[in-house]
Amino acid sequence: MTRAQVLNAYKALLRATRKSFAGDVTMLNGAAAEVRKKFEESRHVTSEAEIQSLLDQAGEASRFISEMIVQAKLNSRGGYEVKPDKVHAGATLEVPSEELLRTKS
């Protein structure tokens, strides 16, 4: 495994979070901090097999974030809308209650 592969996995995760959580500073900051934390926790890993497993997990996480997370956005009528993209085709959408969404704002 090369340093470039690890860096590419890290960047892919950050790109996925930036796209999925665009406009939500709290989620963007939290996701970036979590990604960094996970990579820092694995900094000591030297086994090729473990590194490959971690890279596979990072790739899976990046795909999950990109394809399975759709953020609800507050509309002008005071309700929330979910607008999935083509990448979300086939995903099961679980829409939280309006009350839960309001507590997250």
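Beyond its neighbours within four places in sequence, Ser20 is in contact (heavy atoms within 4.5 Å) with Ile65, Ser66, Ile69 and Gln71. The model is predicted, so that local features need pLDDT of at least 70 and side-chain atom pairs count only at pLDDT 80 or more, whereas totals for chains, interfaces and linings use all residues. Residues are numbered from 1 along each chain as its sequence is written, and side-chain values use heavy atoms, with hydrogens and water left out.

Ser20 belongs to helix α1, residues 3–20 (helices are DSSP runs of H or I, at least four residues, numbered from the N terminus). Ser20 counts as buried because its relative accessibility is 9%, buried meaning under 20% relative accessible area, exposed over 50% and partly exposed in between (1.4 Å probe, protein chains only). The side chain of Ser20 reaches the backbone oxygen of Ile65 at 2.8 Å.

Ile65 is also one of the eleven residues of the largest nonpolar core, whose members include Ala9, Tyr10, Leu13, Leu14, Ala16 and Val35 (a set of buried Ala, Val, Leu, Ile, Met, Phe, Trp, Tyr and Cys residues joined through side-chain atoms within 4.5 Å). Two or more residues of this core come from each of α1 and α3 (48–68), and α1 gives the largest share, five residues. When residues up to four places away in sequence are not counted, Val35 touches Tyr10, Leu13 and Leu14.

Arg63 lies in helix α3 and counts as partly exposed because its relative accessibility is 47%. Although 47 residues separate Arg63 from Ala16 in sequence, their C-alpha atoms are 7.7 Å apart. Leaving aside neighbours within four places in sequence, Arg63 is in contact with Asp56 and Met68.

Terms used: A polar contact is a pair of N or O atoms within 3.5 Å; within protein, one must be able to donate a hydrogen and the other to accept it, and residues adjacent in sequence count only if both atoms are side-chain atoms.
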